[in-house]
Structure formats: structure tokens, C-alpha cells
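The following exercises concern a predicted model. Each task is followed by a solution in steps.

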Amino acid sequence: MRQGDSARADDDRPLLILDLDGVISPYGTQPRGGLQLARVGGYRMLYRPAVVEVLNDIHLDGVIDLRWLTSWGNDARTHVAPTLGLGDFPLLDTIDQDRPPAASPKLDSIRRCVPLGRRFAWIDDDITATHRRELTNSYGPACLLLQPPATTGITADDLDIARNFLAAP
């Protein structure tokens, strides 16, 4: 991880944490329902231009700290984001791909990088009941967990829900 990429404890802006596969890029290879197709290296990725636009607005506004939490790691920043037209927002943390299957590296990353009391929304298609229980028990009403269907991904409306939650006092 590059220095300065992890969320800082002294940053009190609300945090929007995003996965890539199944969230920004729904699963599938054929454009449908407002989705467009991009090629990233050898991968075909679907995406919604309206979602890219909203994420860029959030990022440029600077009121919300926007972070990746994806197994793509820095490739989300260096390859995917430029191809889809996304701004360069940092990683929350680097996912350890060599962890045992029962481990939850994203949950561990949130616990490690997001201080208690910091308001955040996490959008990931792989949020489990354990994630919900543990994060709700730890962060209470300061966290919002959104799990879009992996074949649909997030929409601009989903991002409005997250943005409204993060703007609340």
C-alpha cells in the first residue's frame, strides 16, 4: 500500500468504501439496461456511466472521503478507474489474497482503518450476516452497509442513499 492511502484517524469526513466487482462493475459481459462495456487488460467490464458521474462528483466535492476496498488493489486506481473515467481515489487498505477462506480480510480492513465513531457507508456485493452483525455491534448507527445484487451493481439511486446517510448529522 502506498503511504497515505489508508484512512487517517484525524480525518473526520464521512467515508464511502467501495468494492469493484459486482458493485461498480456488475457481473456479466453483455451491455444491458444502461450498462456499457469497457476492456481493462484482458477483462470485459460492465459499468454505468451515471454511477461513474456520481462517484466523480462525490470525489471532487471532497465532503466525503471515497475509498476502494477491493481485491483489485492498486489496479483499481491505475487500470480500472482511468478506463471507466473514474477519478483517482485511494485504497482504504490492501486485501491480503493469501488469507484462509474462512477469514474476512475486508472486515478486518474496516476494523483496522475506520476508527470507532467515524461515519461510513460500505458498498459490497459480498457483505455477509457476520459483517452486518459485527459492524453494527461495533459502529452502531454510524455505519450503512449496502449490498447490491452482483449482476446489477450499484445505481445512482444507491449512491444517493449512501450520500444522504453520510450527510446526516
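**Exercise 1. Contacts along the chain**

Solution. Step 1: a contact requires heavy atoms within 4.5 Å.

**Exercise 2. Fold and dimensions**

Solution. Step 1: the protein contains five helices and six strands. Step 2: in sequence order these elements give the pattern β-β-β-α-β-α-α-β-α-β-α. Step 3: the radius of gyration is 15 Å, close to the 15 Å that the globule rule gives for 169 residues, so the protein is as compact as a globular protein of that length. Step 4: the C-alpha trace spans about 40 × 35 × 30 Å along its principal axes.

**Exercise 3. Surface and charge**

Solution. Step 1: of the 169 residues, 47% are buried. Step 2: the protein exposes about 8,200 Å², and 51% of this area comes from carbon and sulfur atoms. Step 3: there are 18 positive and 23 negative side chains. Step 4: the centres of these two sets lie 1 Å apart.

**Exercise 4. Cysteines**

Solution. Step 1: a disulfide requires a pair of cysteine sulfur atoms within 2.5 Å. Step 2: the closest cysteine sulfur to that of cysteine 113 belongs to cysteine 143 and is 16 Å away, which is too far for a bond. Step 3: cysteine 143 is likewise in no disulfide, as its nearest cysteine sulfur is that of cysteine 113, at 16 Å. Step 4: the count of disulfides is therefore zero under the 2.5 Å cut-off. Step 5: residues under 20% relative accessible area are classed as buried. Cysteine 113, at 8% relative accessibility, counts as buried, and cysteine 143, at 11%, also counts as buried.

**Exercise 5. Histidine 131**

Is histidine 131 buried or exposed, and which residues does histidine 131 touch, not counting those up to four places away in sequence?

Solution. Step 1: histidine 131 is located in helix 4, which covers residues 129–139. Step 2: its relative accessible area is 7%, so histidine 131 is buried. Step 3: leaving aside residues up to four places away in sequence, histidine 131 touches Ser104, Leu107, Trp122, Asp126, Thr136 and Leu145.

Notes:
Residues numbered from 1 in each chain as written. Predicted model: local features only at pLDDT ≥ 70, side-chain atom pairs only at ≥ 80, totals over all residues. Heavy atoms only, no water. Helix = DSSP H or I, 4+ residues; strand = E, 2+ residues; numbered from the N terminus. Rg over C-alpha atoms; globule rule 2.2 N^0.38 Å. Buried < 20%, exposed > 50% of the residue type's maximum accessible area, 1.4 Å probe, protein only. Areas by Shrake-Rupley, 256 points an atom, 1.4 Å probe, with all protein chains shown as cover. Lys, Arg positive; Asp, Glu negative; His and termini not counted. Charge placed at Lys NZ, Arg CZ, Asp CG, Glu CD.
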